[in-house]
Amino acid sequence: MGIQVTKVDSKRPNVCAIDVKTDESLRIIGVYASDSRSWSWEEISPLITSKCVIFGDFNVDVFQDSNKSEKLLHWADMNSLAPFTPDTPTSLRSDRVIDYALARGVNINVQTYKCRTTSDHLPILSSIPVSIKQNLTDKNVHWKVFSLFSEYTSSFWEKSWDSKSIDDTYADYVKFLFLLSARCTVTFPLNKYRVAIPAEVRAFMSYVRALSFRQLRTKSSFLKNEVRRLRKIAKNKLSFFFSNQLSTMLRCRNTSAPISATFWSRTKRFLKPSSSSLHALIDPAGDIIKDHESMCEVAANFYEDFFKEQEVVRPHPYTDTPLTNFDNTDEPIPDVSLDELLEVVHMKRKKKSVDAHGISNFMFNFLSSSNWTFLLNLYNCSFQSSILPRAWKDTRIILLAKKESICSPSATRPISLLDVFQKVGEKLFLTRFQDVLYRRGLLPDNQSGFRDNFRLQTRVILFLEDVYSLMANSAPVCTILIDFRSAFDQLWYTGCIGKLRRLGVPLAYLNWIEAWLCNRRAFIEVNGNRSRWFNIGKGGPQGGILTPCLFIAFHCDMGQFLSGCTSHFFADDLAAIVSGQIGLSYTDQCLDLEKRIKLFLDQLEYYACLSVQPINFTKTVALFSARAIGLPKFDINFDSNNEEKISWVNEFKYLGYWVTPKMGWGTMLKKTMTKQIDTHGSI
């Protein structure tokens, strides 16, 4: 794709600029702003346009160099420029970030490229979203035709439905739905797309158009004046409609109305600090791969190895200890009624993302209700026999970049798009499984993730109250924030089933969970290109609503192993509070705190090995809170063989809230204000 680029004359040394010709002209400026430069920032202002990005070595860290950065940021504010900085230092001689970007009228992302370089600076990579005029097309599905045809053929499928050969029957059914939706799809060029307007305005415009054709035929001066008058009226009606539509969007932006989704879908690109889109992958050799087919294979190679089944030493307490007979062992999974099924389908959020078979649950809005009658038999048969169609285990995986848009496969987040009908069955099973967990009393009160009537804000408040109460007793407090490595993706199938069996979950539920987890396969898709199929031997699907509930049920007894601390859980987030003994001198309290931390880490490491849930040592940090000033004078690590120490930090983002040693709100307010300023500058 050819993009026209024009150089802009600049008489300032170490300053260059180019104009990139897109739908809207984009100016890119590169600067080297040394302390001995002969020009000021005000002299660069004439080069700035309404859509502009400035890259370079600014020789100023906007967070650490307060005096220098104040002048630069003041100039940036005067020119509506917002700073975009990478997350890691760019200078090899210090821990400062002095290479970044300033942007106006465009939202970009910037990252440090860690590579071998002869310079004392690491290069930065950036992606700038632009639109280029192309012959783009879009699709429109005639859902009314789809609905009528699905109703017409429902009797055929009801007669053909065979529970004994459910794999073939279901595969034929989903193939039929995919082909029917494809047959009802019309492709059209986007340049002919027009915004939908009210029927009365459209009828009035048609009348004016017909009257203008009559005037051309008759050459009537009276009709000419009449057409001119009516066209002015039509323009006023259109202007009123568009302004009223904008006012309605603004008024209803925080409601559940459909127009709210339209408003946020158009404005989110201005509000997000960075894009989660994946633009390229870095292969094991360090090369940047931009070809989509090659990206698929690189990602498939990584995730095929990543999702291999764990090798666990047997015998194991979760799988090989003697079983206990519970009174509910033979409890069956309750059948699903048609009313319950239709309610779940109605309440399910309809999205247009498609699964591995090309079907989206947006189709549920138009699928004839008679189809759900024989699908009801499928769900009840699945619950009774624990047999799932093979197609339910086919997964389409798309990758999102965790931070940088150009990264290695390990820095991506796999999102599993499961079979749409299987997700309905998953929701039906989840309500029954949660009822069993509630009746057995398995989930602890200090676990707030993915549970009804347990709020994130309540968990944060309880966490802060525990720290406040310990600090009020003049005890030094250590908060260890544990990060589990790819928590949901490390779920051990055999251990999970065995542990839940020994916790009193009925066999029928365990058999269905085992059938749902095992023998799954997936492919990676990048921009319409697919990789080969590969098997998945561990981990719950990231897009499944059952995965979080199964994860917290599997780890429901983690707090019992961590007896030397106060633990707070939110799904896979663990914050452990350890304090020194009350009533001792401060020095003795710190010595006692060090012993307690060591005991806690030994207990946590033992549980991590037992549950085959690895800990991310590099992201596990500790926060020290005490009335005394300064950090503790001892180091902490998990064991004597681990050379990586747990870092003491001055701030940490816990469940979306910034926490500091003094447990104040100043850092949270400051970072929120900075984010608002950056967002305002982007807009």
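Colleague: Which salt bridge does Lys671 form, and with what N to O distance?
Modeller: Its side chain meets that of Glu651 in a salt bridge, at 3.4 Å from N to O. Please bear in mind that this is a predicted model.

Colleague: Where do Lys671 and Glu651 lie?
Modeller: Lys671 is in helix H18 (residues 666-682). Glu651 is in the loop between strand S23 (647-648) and strand S24 (652-654), so the pair ties together parts that are 20 residues apart in sequence.

Colleague: And is Lys671 buried, partly exposed or exposed?
Modeller: Lys671 counts as partly exposed, at 31% relative accessibility. Glu651 is partly exposed too, with a relative accessible area of 33%.

Colleague: How many salt bridges are there by this rule?
Modeller: The count comes to 22 salt bridges. One of the pairs is Arg396 with Glu525, whose side chains meet at 2.8 Å, N to O.

Colleague: How many residues apart are Arg396 and Glu525, and which strands hold them?
Modeller: They are 129 residues apart, and the pair links distant parts of the chain. Arg396 belongs to strand S13 (residues 394-401), and Glu525 to strand S17 (residues 520-526).

Colleague: Why does Arg396 count as buried?
Modeller: Arg396 counts as buried because its relative accessibility is 12%, and the cut-off for buried is under 20%. Glu525 is buried as well, with a relative accessible area of 14%.

Colleague: What about Lys598 and Asp602: at what N to O distance do their side chains meet?
Modeller: They meet in a salt bridge at 3.6 Å. Both residues are in helix H17 (residues 586-610), and being four residues apart, they are separated by about one helical turn. Lys598 is partly exposed at 34% relative accessibility, and Asp602 is partly exposed at 35%.

Colleague: Which residues are linked in a network of salt bridges?
Modeller: Glu297, Glu304 and Arg532 are linked in this way.

Colleague: Let us turn to the open sheet of six strands. What is its strand order?
Modeller: The order is S1-S2-S3-S4-S6-S5, and the pairing is mixed. Strand S1 (5-8) and strand S5 (82-84) are at the edges; each has a single partner strand, so one side of each is left without a neighbour in the sheet. From one strand to the next, the twist averages 25°.

Colleague: Do strands S3 and S4 run parallel or antiparallel, and how many bridges join them?
Modeller: Strand S3 (residues 26-32) and strand S4 (residues 52-57) run parallel, joined by six bridges. Arg27 stands opposite Cys52 in S4.

Colleague: Which helix packs on the sheet?
Modeller: Helix H1 (residues 66-78) does, touching S4, S5 and strand S6 (99-104). The direction of H1 makes about 25° with that of S6.

Colleague: A new topic: what span should helix H11 have?
Modeller: H11 (residues 420-440) has 21 residues, and at 1.5 Å a residue these should span 30 Å. Its end C-alpha atoms are 30 Å apart, which agrees.

Colleague: What is found at the start of H11, and which residue follows the helix?
Modeller: At the start, a side-chain oxygen of Asp419 reaches to within 3.0 Å of the backbone nitrogen of Phe421. Gly441 follows H11 and has a positive phi, near 65°.

Colleague: Which residues other than glycine have a positive phi?
Modeller: Among them are Asn14, with a phi of about 65°, and Asn453, with a phi near 65°. Asn14 lies in the loop between S1 and strand S2 (15-20). Asn453 is in the loop between H11 and helix H12 (456-472), and this residue is exposed, with a relative accessible area of 79%.

Colleague: Is the peptide bond from Arg314 to Pro315 cis or trans?
Modeller: That bond is cis, with omega near 5°. Pro315 lies in the loop between helix H7 (292-306) and helix H8 (317-320).

Colleague: Finally, is Thr479 buried or exposed?
Modeller: Thr479, which is found in strand S16 (residues 477-483), is buried, with a relative accessible area of 0%. Leaving aside neighbours within four places in sequence, Thr479 is in contact with Phe463, Val467, Ala576, Ile577, Val621, Ala622 and Leu623.

How values were computed
Residues are numbered from 1 along each chain as its sequence is written. This is a predicted model: local features need pLDDT of at least 70, side-chain atom pairs count only at pLDDT 80 or more; totals for chains, interfaces and linings use all residues. Side-chain values use heavy atoms; hydrogens and water are left out. Two strands pair if DSSP finds at least two bridges between them. Helices (H or I, at least four residues) and strands (E, at least two) are DSSP runs, numbered from the N terminus. Axes are lines fitted to C-alpha atoms, for helices over the stretch in contact, and angles run from 0 to 180 degrees between N-to-C directions. Contact means heavy atoms within 4.5 Å. The expected span of a helix is 1.5 Å times one less than its number of residues. A polar contact is a pair of N or O atoms within 3.5 Å; within protein, one must be able to donate a hydrogen and the other to accept it, and residues adjacent in sequence count only if both atoms are side-chain atoms. Buried means under 20% relative accessible area, exposed over 50%, partly exposed in between (1.4 Å probe, protein chains only). A salt bridge is a side-chain nitrogen of Lys or Arg within 4 Å of a carboxyl oxygen of Asp or Glu.
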